[in-house]
Structure formats: structure tokens, C-alpha cells
Amino acid sequence: MYITRFGELGRADVALAGGKGANLGELVGAGFAVPDGFVLTTDAYEAFVYANSLEPDIRALAVVAPTAEPQAFAAASAEIRALFTAGVMPEAIAAELRQAYEELTGADVAVAVRSSATAEDLPTASFAGQQDSYLNIRGIRALTDAVVNCWASLWTARAMAYRAREGIAPDTVSLAVVVQQMVESAASGVMFTANPTSGRRDQVVISAAWGLGESVVSGSVTPDDLVIAADTGAVLSRRTADKQVMTVLADEGTREQPVPDARRREPVLDDRAAARLAQLGTRIADHFGAPQDIEWALTDAEFQVVQARPITALPEPAAETPTTWTPARRGLYFRASIVEQLPDPLSPLFADLIDSSVTRSLESLLSRVFASGGPRGGDLGLPTVNGYAYYYYRPAFFWGLLLKSPAALGVLFRGGAEMGLAGWQQQAHPRYVHVVEQWAAEPVQAMPAQRLLDGVLALLDAGTSYYTAVQSVIPVAATSEGLFRAFYERFVRRPGDPPALTFLLGYESEPIRAEESLWDLAAWTRDEPGLASAILAAPEADLAEALASGAAPAGVDAEAWQQWHTRFRSHLDRFGHAVYNLDFASPVPADNPSTLLATLRFYLSGQGVDPHQRQAASAARRAAHTRVMRRRLGRVRRTAFGRLMRWAQRAAPMREDALADIGLGWPLMRRMLLELGSRLARSGVIGAPADVFWLRRTELVSAIAFGLANPSGGGVAGPETDVAASPPVSISGAPRPVRADAIEKRKMLWRGRRRANPPQLLPQKGLVSRLSVRWMPAGSQDQQGEVISGVGASAGQVSAPARVLAGPEEFGQMQPGEVLVARMTTPAWTSLFAMASAVVTDVGGPLSHSSIVAREYGIPAVLGTGVATQRLTSGQVIRVDGDAGTVTVARDARRAR
């Protein structure tokens, strides 16, 4: 038996009917309207291949490397397809095909003949459009030819290349053929039961055109586009196109013909029809349990389903990206200072906790700096606008601060109030270390829930207090470097002398020490027989799992692995607290070391520069030029030169050391929160431990108050409810669980907001905006054209493909030699600098982390562009000019990958 009717198939019959045939059978069995038809199964394909002795030749020709040029796939495809064309259809297959065709509605019925491969229409691999389809086929001879052509299309160049990239072996695939009665539709199109752009599962997206759906699938017509609310059927948006052509049936196949003028701009579907179609799509998606890509046809006022397949590569759902920035209250809002370490919208719990913590820290500092006239309640804070953190100042208080700034600078340079280099080194840093050590002495699993929350609050307060002190190091570093540069350029430098930067490079700092530690681990690994090759060969997921469990991955010597594991853990213990983002919802390297593993493998492959040698060479150049200057200068200039130089040399590395330890309490804080999350998940309050970051403070406090986060906490009383806006309290007083859809809505809102480019200043007009714009860490967001301007922070010019990274979850995409493009970087990004040819950021200046580390690495940097991550895309070839402070998109900016 080579023929199976649709009604005899189901979704489990992929091996027999291919993805398309199995899905159509599932739809028919579930009662959905599908044009009648049958499937010529994969047994027929295999019988044809066997009868014509094609298998040896196919096996020999089909083995093409995934990295081969397109011409190699095209050549192999042409040879294989010629084998099929020359083949003879076995009589047993021909007889069954003839009988099934005649049983549809007669000997000359028009049918669609579609390829249905066993590796298509799957949740993880669509293969849409990789094989051939034929429309309006009439007569058994034409049908037989179409079937053979479909079989041959299993070996199109694009299908072979796709399978090679996906790692699907040629000898594991087969192909069935769907034969389906043609529907002469008045209108047709494609429907996605989730929004493919935003990923929202509560929206249905429909494309519709007159005539057959081939015009929509092939792109020969611009269709009407509609977005429908899945729950209500309401049309959320509609774009009615000028539909100039339509696909219709011809004597043989199909043809395009002009759409009558009266119908070109007429909507294909009115609101009622669109709602009915969306409801049909939702029912199909519910039946399959996953969002579907559906081809539909409208005949006699009824919708029929021609195809359905899972939507692959669907992004996580995101709400609309905000376009208006209206603060809740009048005042001045700045995205600077600590906010530079918060590039994304805040998670709900962090937003609730950080505002009061930063406010207390600033009020304490300013009260110490100014004996009188310190802040009062409401003078400052760290609220959010569209989820993004902003420093807030009441206008009167802000102007008062400006008037008192000379006194504050005096305290700063004396190291008073825990400010400046001395204040950080002698007071702020030791106190922060003490708080972290004090809480780390208690086992997290043994702490009562309230104790865990107390620890989180104490560590967060210690971290914000420390960051406030660190911010006072930056003006000292900026002043010291600025004065040294000015003195050197005006009173010392002659033609042929090196730039001032030469005298400031080659010093150790915490990011440099972290790089050296990773390099040393790679060097040790290479000396262990077989260990380096095994680590390079191991899949990244297997390596990360082995690191978490401690068990050696397959093929790695257990004893050597244990030594390597101990050394890597030591690296994480010392450097793993560097934060990518101060929001504690974002993991630190100690939690997710995948970025460090990628850099380690980069070093193991023989790439990269030895940081010890690089730093030693910079130090030797610095020392040599310093000796020249001291011999050449007179006593007065030599003294001034030496003092200014030593001040600048001391300040920059200390600034990096200070920034690197901001996250000292973050690994412990995250462990405490995840322990609370685990307990709440066991009690049914949330679905997963990490959902704790998406709770509001009131919800967490309420759950703790009722003992639901203690090890012995019981179940949750009361029905489910969405507690997005109020404490989760039921009639009986016990907290209600936070429904999974409430958490998902918060995540969806966060993802939509993450796409926004928040203004640096609010309001975006007025005197303060005009005065402050030059101080802000990001440039104008109104830049247009091929050239993007920023601040040249590290000299040099490079032309290379861009790699735009939103955060640590994308670090694995970075390839050696690319330009790193990010909103901002922190010390946790340093491992990527080893692979980067240049650095471009939205936020930052000459004294930012990106600048200092890029100069040590000797790569160009353009910072503070304001728009780089919005304007550039990965793969674009760009020219980074660190001298001019510009980024230029190449005119022939082809995507490199």
C-alpha cells in the first residue's frame, strides 16, 4: 500500500506522510475543513529509489560540508535531480496513484501536488519552501510527472544546504507527496496564530489577497495585513494594500492577472470575516498545542485549511515598544551615574527595592557632605519611566546642589565623607567587604524566609552605598587625566613625542587581572594531554552542564578535568561577581560562565594576545619615554610632569578596581532570592524559582508573612488571581498564588520596553536639557545618515562586521574580529574585548570602562553614540574611527554572516 487518505493519518505519522501530510491528516481527524486528498507515502519514494538503483549515487553526491560554497550544493543537486527525471515509475505505485486520483472526483480533476518531507513542518525545523509544489495539475500523466519532480525536490540545493546547517544527515530523510483537490478560491492567504514580529501569543496575524494563495506565499503581491486579538476577535490593526495582481487557475498550472480596479484597494476580509478566520486559527493552534503557520482559502463564504505547520523561531512575546516618555511627577530626570549600569528596563522586584535603597544612600552622602541644606523627603530618588531607571531631582533641590558644588568638590578631593580615592580605599570598600562576608557566613538553605529577605535588603543597601562612593572616584580620575594631558600637550610634548596616553598604560587593574587569569588557565589546559582538544570539541551545553555538576564531560580524563574544574572555580570565586547589569534578575558570571568559557576556548584555539606580554610591553614603553622626559625637562616642569603623571597613573586603575567590585554582593543576593523563589514555587505561589524576580515587593513580603517561603511552608489558600497591582491577599487573609499569565504579562511588557531607546534627559526640552546635554553619557538620538558620531575614546581605525549584543544571553554570538556594539559595557564584558576588533557603545565617555579597557587592548573605541544599537545590525560592515569619534556604515555594507 502506497496511498493513504487524509482521514487515516495523524500528527504521529510524519515518518510515513511527512510533516505536511501528517498535519493535514490531523486536521481532518479533528474535524477541520480541509480540501479532500491523499498522501503518496514515503514507502513509494523509497520503492522508486530502489527500483531505479539510485541510492548509491544519492549517498555519494549528497555528502556536502555545511561550510561549502553554494555552487557545491547546486552541482550536487543538479546531478541527483537528473537521476530522478531519468527514472521509471514502478507499476505498483502507478496503479495505486491512478486509482486514488480517479476516486477524488473524476479522471480529470485539478489537484495541488505538494512535497511533504519527513524533516519539514516540525517544531524545530520548518523547511518551508525548501521542496517543490505544483498547482492545477490535471490528468494522470501530469500528476505522475509532478510526483517525480516532488521526489527530486528533496534534493534541491537550498534543501540540502538547510539540512547540512541543521545537522540532519542525508540518509535520514525521505519524502511523501500530498495530492489535494484544488480549491478555486475567491480569496486566500496566510495566518499566523501568534504575532511573528512581537511573539505575542494573544494576537493573530493575517495576510490576505484575492485569488489563490500562491501570490501571498511567493511574494508577488502585497497583501492586506491584519492583526486580530485572539480572545475577542477585535481587529487591532489593518493595512489595506493596493493589490495589483492576483493568481488564478490557468489551462495548465496558474497565471497572474490584473485585479479589477474596483477591487484593488478593497479589503479582502471585513472585520467579521477576519474574526471568524482568527477564531479558526486559534482552534487549530489549541488543537496542536503550539502556534501555527496556516495557509487558508475562502470559497463560498467558508474558510478551508490548505496547510498548517508549527511556527519556528518565534520570539518571546513582547508588548508594544513605548514611544512617549512622560514621568509620573514634575522634576528633572537623568540617565547617568548608577543608571549607566542599568541598560535595560528593571525587573519588578528590583525596581521596587532599588529606588528606596539608592535614595537612602544619596541622602546619607549628601547629608555628610553638606552640614546643612541636605535633601528632604521627595527631593531625589530613582524612579522608573517606561521601566527604565532615572535619577530624579526636585528642580529647586537640583539648583541648590549646583550652587553648593564647589564645597562638595573640596570634600571630594580631601577624601572626606568616604569620597574620592582615599574614601573608597579606606572606608567604602572595606565596609562593603565586611557586610558581604558577614552574610556569607550563614548557610542560605538554613535561613528563615524573613532572614533571607533581610539579607537581600542589607546586601543591596551595601551595594548602592558602595556604588555611591565609587562614583566619586570618577571625577578624580577624569580630573587627573585631563590635567596631565593638558600639561603634557602644552608644556612638554614636541614633534615625534608619544601621545599622553602612553604614560598611562600598562598598569594592572581588576579586569586586566581577570583576563590574565583566564589566559593562564588556557595555558595550563594546553599542557594537559588531550584536555584542550576535548574542551574545544565538547558542545557548549555539555561543557556548561559538566561545569555545574563537576562531572567530566564525555571523552575528558576525569583526573585532569577535576584539576581544571578546581582552577576554573577559583577564577569564578575571585572574578565571578562582575555584573553585566546591576538588576539582580540578570545573572553574573558566577551563575552563568558561558561567556568566560567562550573566551577560554578562543584562547585554547591559539587566538588572542598574551595579556602579560601586552601589559609588559606597554609598561616598558611607558618607562622608556618617562626616562626621556625626565632627562629633557628642567626642574620645574619635571616636578609638575611627575606629580601630574603619578596622580593620573594611580587614579585610572583604582577606578577600574572600584567598578569591578560593585557586584561583590550580587552572587550571594541572587542565591538568597532564588532560594526564596524555590520555596515559593514549592508552595505554589509562583511557577518557577526565577519568577521571584518578577514579583512586586508587596507580593513577596505577603508570602513571607504567611510562612509560604519557609522550608515547611504549606499550600496556598484561595483561588488564583492576577495580583499585578495589589498585595496577594484572599478573603481568608492568606496570599493568593501569582498566576503564570500575570508573570508572563510582566515579562512581555519588559521585552517590549527593552526595544525602546530611552532619552537621557527628561523633560527633553528646557534650560536644564540645554545645559546638561554635554555632560550626559550618550549623544543625540536624532542622528541620521551613514555617519554616527560619538566620543573617540581609544585611537585607531578598523573596518569590520558589527556584532550588536543586547546582553550576556547573546555573548555566544560574538565572533573573533567583529566590532562589539552594545548599549554599554561593564567589567563583566571584558572577556569579549579579547575577540573584538573595536568597541562601539550607546553610553559612555573617555573615562568609562569601555574606554580604559579598549586602550589597554589597543583597539579603537567610539562611545556615547546614543543610537548605535538602534542604527546598526549584526553583520553590517562598519568603519570605527577612534580618533574622529565616528562610526560609518560602509556603502557596500554586506552582511558578513
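Begin with a buried arginine. Arg 751 has a relative accessibility of 14%, so it counts as buried, the cut-off being 20%. Its model is a predicted one. The side chain of Arg 751 forms a salt bridge with that of Glu 316, at 3.5 Å from N to O. The two partners sit in distant parts of the chain, 435 residues apart. Arg 751 belongs to helix 25, residues 740–754. Glu 316 lies in the loop between strand 13 (302–310) and strand 14 (332–334).

Arg 513 and Asp 657 meet through their side chains in a salt bridge of 2.8 Å, N to O. Here 144 residues separate the partners. Arg 513 is in helix 16 (residues 510–526), and Asp 657 is in helix 22 (residues 635–660). Arg 513 is partly exposed at 23% relative accessibility. Asp 657 is buried, because its relative accessible area is 18% and the limit for burial is 20%.

Now look at a pair of sequence neighbours. The side chains of Arg 655 and Glu 656 form a salt bridge, with N to O at 2.6 Å. Both of these residues are buried. Elsewhere, salt bridges join four residues into a network: Asp 242, Asp 261, Arg 264 and Arg 265. In total, the structure contains 38 salt bridges. As a general point, side chains of opposite charge can pair when their charged atoms come close.

Thr 639 is located in helix 22. It is partly exposed, at 35% relative accessible area. Take the distance from Thr 639 to Ala 186: C-alpha to C-alpha, they are 89 Å apart in space. Along the sequence, 453 residues separate them.

Eight strands form an open sheet with mixed pairing, in the order 20-27-26-22-23-24-25-21. Which strands stand at its edges? They are strand 20 (787–789) and strand 21 (791–794). Each has a single partner strand, so one side of each lacks a neighbour in the sheet. From one strand to the next, the twist averages 30°.

Now move to the strand 21 side. Helix 28 (residues 849–857) lies across strand 21, strand 24 (838–841) and strand 25 (861–863). Its direction makes an angle of about 45° with strand 21.

Helix 11 (residues 348–369) has 22 residues. It reaches 32 Å from its first C-alpha to its last, close to the 32 Å expected at 1.5 Å a residue. Still, helix 11 bends by about 25° at Ile 354. Helix 2 (residues 42–51) has several buried residues: Thr 42, Ala 44, Tyr 45, Ala 47, Phe 48 and Val 49. In general, an α-helix has 3.6 residues a turn, so residues three or four places apart point the same way.

The backbone has some points of its own. Just after helix 2, Ser 53 adopts a positive phi of about 55°. Asn 136 also has a positive phi of about 55°, although it is not a glycine. Asn 136 is part of strand 4 (residues 133–137). Is Asn 136 buried or exposed? At 3% relative accessibility, Asn 136 counts as buried. Ala 301 is another non-glycine with a positive phi, about 65°. Ala 301 occupies the loop between strand 12 (292–299) and strand 13.

Leu 762 to Pro 763 is cis, with omega near -5°. Pro 763 falls in the loop between strand 19 (761–762) and helix 26 (767–772).

Technical notes: Residues are numbered from 1 along each chain as its sequence is written. This is a predicted model: local features need pLDDT of at least 70, side-chain atom pairs count only at pLDDT 80 or more; totals for chains, interfaces and linings use all residues. Side-chain values use heavy atoms; hydrogens and water are left out. Helices (H or I, at least four residues) and strands (E, at least two) are DSSP runs, numbered from the N terminus. Buried means under 20% relative accessible area, exposed over 50%, partly exposed in between (1.4 Å probe, protein chains only). Two strands pair if DSSP finds at least two bridges between them. Axes are lines fitted to C-alpha atoms, for helices over the stretch in contact, and angles run from 0 to 180 degrees between N-to-C directions. Contact means heavy atoms within 4.5 Å. The expected span of a helix is 1.5 Å times one less than its number of residues. The bend at a residue is the angle between axes fitted to the seven residues ending there and the seven starting there.
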